[in-house]
Amino acid sequence: MTAQAGVKLSLRSVRKSFGSNEVCRAIDLDVAEGEMVCLIGASGSGKSTLLRCINLLEPIDDGVIYLDGVDIAEPGFDPQPVRERIGIVFQSYNLFPHMTAAQNVMLAPMRVHGRSKDDLAGPVADLFDSFGLPEHMDHYPDQLSGGQQQRVAIIRALAMEPEIMLFDEITSALDPELVGEVLDVLRQLHRDGMTMILATHEMGFARELADKVCFLDAGRILEEGAPNDLFSAPQEERTRAFLSRVL
């Protein structure tokens, strides 16, 4: 397959099961360069598993995942270079407690790309500055709020210079007053042209900023469209029922 013009990531008939439980059922999805796609749906609808399949943390059972026209889900394909191109941030920050924020961020570029601390010092400082944390670089995780730790986790992923970012419910573990500062980071990344896929319960954010919203139900993308269309006039009864509960 050759890459469609402007399409960065393309999924076709992606399936994933755990035992007899089929979590992703023949999922098709196209993500354009610089697009923000929000995945919404009830817990257990397959959003997190889909993100893990895209990042190759979970091998798919069937289907294809094209990154710039290359099937990265093909058996035997080395996942490590793909994970360097597709970053992922989870709701748990997973920062090393014995390392400062800056050390946490520098670890992967040093180990994977062989870069030195001196080489990384400037770019890492710029990232901390961009996301409002310049004075927290030398703080340890337990000296940071939940929102600050989540921003450091995002900076850590960005330090690998990914082409696509995946976010798995990254605000769900935060106190409500801390959610806004993390969503501001996503707004900035969107302005900067980062290609992103988010699993989120933040419906207001999805409606405000997403280029496309996909409603997942029982492992399928039941409906997708522009935010105003999907939120204002959903076509599927299951979508209407879900939105009536959460809005």
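Among contacts in the protein chain between residues at least 6 apart in sequence, what percentage join residues at least 24 apart? The share is 64%, where contact means heavy atoms within 4.5 Å. The model is predicted, so local features need pLDDT of at least 70 and side-chain atom pairs count only at pLDDT 80 or more, whereas totals for chains, interfaces and linings use all residues. Residues are numbered from 1 along each chain as its sequence is written, and side-chain values use heavy atoms, with hydrogens and water left out.

The protein chain contains 9 helices and 10 strands, taken as DSSP runs (helices H or I, at least four residues; strands E, at least two) numbered from the N terminus. Its C-alpha atoms fill a box of roughly 50 × 45 × 35 Å along the principal axes. The radius of gyration is 18 Å, in agreement with the value near 18 Å for a compact globule of 247 residues; this radius is taken over C-alpha atoms, and the globule rule is 2.2 Å times the number of residues to the power 0.38.

Of the 247 residues, 51% are buried, that is, under 20% relative accessible area with a 1.4 Å probe and protein chains only.

Thr171 lies in the loop between strand S7 (164-168) and helix H6 (176-191). Thr171 is buried because its relative accessible area is 10%. Apart from neighbours within four places in sequence, Thr171 contacts Val179, Val182, Leu183 and Glu202.

Technical notes: Buried means under 20% relative accessible area, exposed over 50%, partly exposed in between (1.4 Å probe, protein chains only).
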